[in-house]
2 protein chains.
Amino acid sequence: MRNNLQVRLIARPVGMPRAEDFRIEEASVPEVSEGELLVQVRYISLDPAMRGWMDDRPSYLPPVGLGQVMRATAIGEVLQSRSTLFKAGDCVMGHLGVQTVAVVRAQAVRRVDTTLAPIDVHIGLLSTAGLTAYFGLLDTGQPLAGETVVVSGAAGAVGSVVGQIARIKGCRAVGVAGGSDKCTFLTDTLGYDRAVDYKADDFKLQLAGACANGIDVFFDNVGNPVLDLALRYINLRARIVLCGAISQYNSTGKVDGPQNYIALIVKRAMMKGLIVFDYESRYAEATAQLAAWWRSGSVVYRADVTQGIERFHEALLRLFAGKTKGKAVLQV
Amino acid sequence: MRNNLQVRLIARPVGMPRAEDFRIEEASVPEVSEGELLVQVRYISLDPAMRGWMDDRPSYLPPVGLGQVMRATAIGEVLQSRSTLFKAGDCVMGHLGVQTVAVVRAQAVRRVDTTLAPIDVHIGLLSTAGLTAYFGLLDTGQPLAGETVVVSGAAGAVGSVVGQIARIKGCRAVGVAGGSDKCTFLTDTLGYDRAVDYKADDFKLQLAGACANGIDVFFDNVGNPVLDLALRYINLRARIVLCGAISQYNSTGKVDGPQNYIALIVKRAMMKGLIVFDYESRYAEATAQLAAWWRSGSVVYRADVTQGIERFHEALLRLFAGKTKGKAVLQV
């Protein structure tokens with residue numbers, strides 16, 4: 001009997017999650033029932049959305065129950081299959097949780113095609129983050145060649161892909177990130193046309209300068225104060241893609257709402273929220289396209305990898321502290 | 001030579017406009033040049049948007065210049081025409097300004113078809129207010145039969161029409177207004193299914209009760225605090241039509257932004273601004289439809305009429321104080 005190292009949520013965080021909100025425990029692996037798979041987890045995706053799942057309030061997914069294994073998108077290898085959908089040795093992705101071994105319903109996971117890209121690229125670029133970038137920018141943002149696309153959290157898992165797709169579509173990509181190191185990453189590694197450092201004293205001036213022709217698409221991963229500032233510069237019929245608000249997720253005070261939302265009236269602009277799960281029927285199309293771009297080198301993928309499931313909390317804090325560049329991943 | 005009584009903007013208001021920000025003066029009527037019309041103004045539309053036009057900042061229309069006649073949509077009768085487009089006796093509507101007589105380019109106004117409805121219905125229902133309700137609800141809001149449509153400023157010029165169109169489309173219409181008198185107006189005169197009084201102590205409970213099935217379309221004329229509260233109750237894929245923010249127009253402090261905007265992500269909802277001028281090519285269609293509804297009695301029209309151009313400032317304050325029911329109009 002193989003043992004399973006699990007991270008369970010044992011208290012609801014107030015503000016930033018503390019180590020004490022989780023318990024690491026070794027459990028035995030349950031029997032695999034008909035229709036289920038036993039999966040060896042390889043990579044776990046660390047996502048800002050995890051913070052919302054820890055709260056006890058209704059959202060697009062139910063809260064993680066207290067005492068339950070922390071929910072996470074992960075990728076792994078099928079060790080044993082009691083389903084006709086998969087066989088041992090197949091790679092699958094889904095909500096496997098923060099644990100080393102998962103028993104899941106075969107219908108709840110999807111196949112990972114390792115001929116498209118290796119699994120470490122799947123977990124970051126061809127999973128939630130890349131798909132969110134793809135559908136958020138192309139479907140909600142509707143960018144046209146020549147337009148200016150501004151991305152907040154541009155060095156993050158989603159943002160690092162949004163800018164590259166914007167460039168492929170002939171747009172001018174402006175990335176907002178914190179610190180000169182990340183800004184260099186945006187322009188030199190990811191190919192953003194301009195990087196703006198929100199920690200710089202002259203941030204507002206930098207952004208105004210980088211958006212001299214206004215903003216046509218603003219892809220927001222962060223929330224205020226960048227959202228409010230971007231609203232000042234939106235062009236007529238601009239599209240604001242609301243993907244996340246990482247600046248607000250650990251806030252214990254009031255959320256800081258966008259005061260400049262009235263610009264949406266003046267500019268007949270649109271602000272629309274996005275949850276990638278709604279696009280499940282089109283995942284295959286997007287995955288194939290992203291993988292093709294990655295293989296041709298038009299999209300580069302960078303991961304920020306932490307080794308070891310017992311470092312989950314530490315890796316999560318790095319993510320919320322804005323210390324990661326590219327996709328934050330936990331390697332099992 | 002006939003004289004012209006005019007209201008000119010002579011100072012930029014800070015907060016609520018004061019009487020001293022305007023000057024009433026009698027001017028002589030200029031010569032009518034080729035391509036122009038001399039128009040006897042009959043009804044002047046009083047609109048919340050006027051407040052924005054008084055500010056010296058770029059918007060969807062240039063600011064009214066200091067010393068200039070205050071901009072207003074108005075309706076009048078052609079006294080003299082030097083254009084082939086109109087003849088004396090025709091009725092026209094356009095930016096005639098707050099004055100008794102206007103000289104305007106014939107191409108800048110549109111014909112008023114008095115066989116559809118009398119001119120006092122044109123200035124209120126078949127002008128900016130009614131058209132804004134029509135395009136805002138139907139084009140941006142996309143209401144489906146059985147859905148719940150919530151309208152803020154529901155007793156106002158736009159809101160009083162939105163609820164009635166929502167009912168025609170088979171929706172449940174919930175109106176938010178201030179005071180029991182207005183709430184009675186909503187249900188008894190306009191046919192709203194439910195009226196919610198934002199001045200009542202139990203306003204939040206009232207709104208929650210009226211929206212037990214959630215909100216599918218929120219048509220916002222007001223801004224916070226109603227906007228934030230409505231965001232709490234939006235359904236999946238809700239549409240928020242941003243038409244105005246009258247609660248914020250005379251504010252000298254910070255605009256109160258919607259803290260609950262993150263609900264747009266969770267609910268994959270959309271918030272979109274609207275300026276009716278964008279729909280000019282479809283005004284004829286909308287005017288004919290609104291007039292047909294009015295003639296058949298499916299849409300009732302109520303005006304709040306002030307007599308005399310010299311009472312412009314007083315009438316404007318009534319509007320901003322929320323004292324008007326239906327369309328605020330100045331009769332010349």
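## The interface between the chains

How much area do chain B and chain A bury between them? The figure is about 2,600 Å², with 66% of it on carbon and sulfur atoms. Keep in mind as you read on that this is a predicted model. The contact involves 32 residues of chain B and 32 residues of chain A. On the chain B side, Tyr261(B), Ile265(B) and Arg268(B) lose the most area to chain A, and together they make up 26% of what that side buries.

Charged pairs also cross between the chains: chain B and chain A share four salt bridges. In one pair, Arg237(A) meets Asp278(B), with 3.3 Å between the closest N and O atoms.

## A sheet running through both chains

Which strands make up the open sheet, and in what order? Twelve strands take part, in the order S10(A)-S9(A)-S8(A)-S11(A)-S12(A)-S13(A)-S13(B)-S12(B)-S11(B)-S8(B)-S9(B)-S10(B), and their pairing is mixed. At the edges stand strand S10 (194–197) of chain A and strand S10 (194–197) of chain B; each has a single partner strand, so one side of each is left without a neighbour in the sheet. From one strand to the next, the twist averages 15°.

For a look at one pairing in this sheet, take S8 (residues 148–152) and S9 (residues 172–177) of chain A, which run parallel and are joined by five bridges. Within that part of the sheet, Val150(A) has Val174(A) in S9(A) as its bridge partner.

## Helices on the sheet

In chain A, helix H6 (residues 203–210) lies across S8, S9 and S10, and runs at about 160° to S10(A). In chain B, helix H3 (residues 128–141) packs on the sheet, where it touches strands S8 (148–152), S11 (215–220), S12 (234–242) and S13 (270–273) of that chain. The direction of H3(B) makes about 145° with that of S11(B).

H3(B) is largely enclosed by the rest of the structure, because twelve of its 14 residues are buried. Among the buried residues are Leu131(B), Tyr134(B), Phe135(B) and Leu137(B). After the helix comes Gln142(B), whose phi is positive, near 45°.

## Another enclosed strand in chain B

Strand S5 (residues 91–95) of chain B has four of its five residues buried, so S5(B) is largely enclosed by the rest of the structure. S5(B) runs antiparallel to strand S4 (residues 73–81) of chain B, with five bridges joining them, and antiparallel to strand S7 (residues 110–111) of chain B, with two bridges.

## Salt bridges within the chains

How many salt bridges are there over all chains? The count comes to 40. In chain A, the side chains of Arg8(A) and Glu25(A) meet at 3.0 Å, N to O. Arg8(A) lies in strand S1 (residues 3–9) and Glu25(A) in strand S2 (residues 22–28), so the pair ties together parts that are 17 residues apart in sequence. Arg8(A) counts as buried at 17% relative accessibility, while Glu25(A) is partly exposed at 24%. Both belong to a network of salt bridges that also includes Arg23(A).

In chain B, Glu77(B) and Arg42(B) form a salt bridge at 3.0 Å, N to O. Glu77(B) is in S4 and Arg42(B) in strand S3 (residues 36–45), so this pair ties together parts that are 35 residues apart in sequence. Glu77(B) is partly exposed at 28%, as is Arg42(B) at 31%. The salt bridge between Asp55(B) and Arg51(B), at 2.9 Å, N to O, joins two buried residues: Asp55(B) has a relative accessible area of 13% and Arg51(B) has 3%.

Where does Lys182(A) sit, and which residues does it touch? Lys182(A) belongs to helix H5 (residues 180–189) of chain A. Leaving aside neighbours within four places in sequence, its contacts include Ala155(A), Gly322(A) and Thr324(A). Lys182(A) is buried yet has no salt bridge, and the nearest side chain of opposite charge, Asp181(A), is 8.3 Å away.

Ala315(A), in helix H11 (residues 312–320) of chain A, counts as buried at 2% relative accessibility. Ala315(A) touches Leu46(A), Thr306(A) and Leu330(A), not counting residues up to four places away in sequence.

Note on methods
Residues are numbered from 1 along each chain as its sequence is written. Chains are lettered from A and ligands numbered from 1 in the order in which they are written. This is a predicted model: local features need pLDDT of at least 70, side-chain atom pairs count only at pLDDT 80 or more; totals for chains, interfaces and linings use all residues. Side-chain values use heavy atoms; hydrogens and water are left out. Two strands pair if DSSP finds at least two bridges between them. Axes are lines fitted to C-alpha atoms, for helices over the stretch in contact, and angles run from 0 to 180 degrees between N-to-C directions. Contact means heavy atoms within 4.5 Å. Buried means under 20% relative accessible area, exposed over 50%, partly exposed in between (1.4 Å probe, protein chains only). Lys and Arg count as positive and Asp and Glu as negative; His and the chain ends are not counted. Buried area is the accessible area (1.4 Å probe) that two parts lose on being put together, summed over both.
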